[in-house]
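This report describes the fold of one protein chain and then looks at one pair of its elements. The sequence and structure come first.

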Amino acid sequence: MSAALQGVEALRTVTAPSPRRRRRRSSVNGGTNWWVTALIAVCSLTVLIPLYFTIITALKTPDQLGGTGFEWPTSVRWENFSDAYQLTNFPRALMNTALITVGAVVLTLLTNSLVAYAIARNMHKKFFRGLYFYFLAAIFVPFPIIMLPVVKETALLGLDTPVGLILLYTVYGLSFNIFIFVAYIQSIPIELEEAARMDGASTWGVFWKVVFPLLAPMNATVGILTCVWAWNDFLLPLVVLSDPSAQTLPLAQFIFQGQFNTNYTVAFASYLMALAPLLIVYVIAQKWVVSGVMRGSVK
């Protein structure tokens, strides 16, 4: 009996789990990566320093522009903003820019994603594969090479208007947008579309009800890029628009560039005024952008 008890005690001793040592949380998993933090802080200076320079220049008088340019103004001149508001006819230029930007973003998302879907699901066919590489080749064609023919054709077709400008933004963004849309669509399981077709959905229904909602992160990316491009573009409105009343904010700000001098203080005030609406839109819409990215990461 005693021998049996000794055997049981020995078995318990052998099989008893040893207490686990607590592992220290490594800096890679739970701590702060100070090297990355320092790199981000240094990179942020490339945005903060020019923004600081723009703000203080917009608040100065012309006789305070000497020195390094980074000194805080001794006397703030708020009249620079009112002068920029009047000289650029800011409400009209802002409305023109907003209409062109919104139209370009909406039309780009609706058409470019549809073309990319047709190419992505028919990549095994020679025609669609050739069409895909044709669009990619257009990325390497600089706009100045085709600028004069485009200007002449838009004038002949009566498209030297904001509507024509919206169409040009949609077409010129097609190459890059198809490149990122096709890669993302090919990662969407085809079984989702097959299940929708078994339920009676048509090709249009499959795209708008199944595929297009899953493109939320790519739509956010393309929408942001198109919005920034259309809002800040100067060259395309300059050579396309023929009506002075349809000029956008970058064209209206060109009034400060003279042949012999430049009104820097009023010009920088107008730059801040043009930046403010886009910044407000981003602050308001950022939660939808982030939610779209999160939905796309858990398809």
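## Secondary structure

In this predicted model, the protein chain has 14 helices and zero strands. Read along the sequence, the pattern is α-α-α-α-α-α-α-α-α-α-α-α-α-α.

## Burial, surface and contacts

The protein chain has 299 residues, and 34% of them are buried. Its accessible surface comes to about 19400 Å². Carbon and sulfur atoms account for 69% of that surface.

Among contacts in the protein chain with a separation of 6 or more, 71% are between residues 24 or more positions apart.

## Helices α5 and α8

Helix α5 covers residues 126–137, and helix α8 covers residues 174–185. The two pack with their axes 7 Å apart, at an angle of about 130°. That angle makes α5 oblique to α8, because a value between 115 and 145 degrees is neither roughly perpendicular nor roughly antiparallel. The crossing of α5 past α8 is left-handed.

## Residues where the two helices meet

Which residues of α5 meet α8? On the α5 side they are Tyr-132, Phe-135 and Leu-136. On the α8 side, the residues they meet are Leu-174, Ser-175, Ile-178, Phe-179 and Val-182.

Sorted by class, this contact of α5 with α8 has seven nonpolar residues, one polar residue and no charged residues.

Methods
Residues are numbered from 1 along each chain as its sequence is written. This is a predicted model: local features need pLDDT of at least 70, side-chain atom pairs count only at pLDDT 80 or more; totals for chains, interfaces and linings use all residues. Side-chain values use heavy atoms; hydrogens and water are left out. Axes are lines fitted to C-alpha atoms, for helices over the stretch in contact, and angles run from 0 to 180 degrees between N-to-C directions. Helices (H or I, at least four residues) and strands (E, at least two) are DSSP runs, numbered from the N terminus. Angles under 35 degrees count as roughly parallel, over 145 as roughly antiparallel, 65 to 115 as roughly perpendicular and the rest as oblique. A crossing is left-handed if the near helix is turned anticlockwise from the far one by less than a right angle, and right-handed if clockwise. Contact means heavy atoms within 4.5 Å. Ala, Val, Leu, Ile, Met, Phe, Trp, Tyr, Cys and Pro count as nonpolar, Asp, Glu, Lys and Arg as charged, and the others, Gly among them, as polar. Buried means under 20% relative accessible area, exposed over 50%, partly exposed in between (1.4 Å probe, protein chains only). Accessible areas come from the Shrake-Rupley method with a 1.4 Å probe; for residues, only the protein chains shown count as cover.
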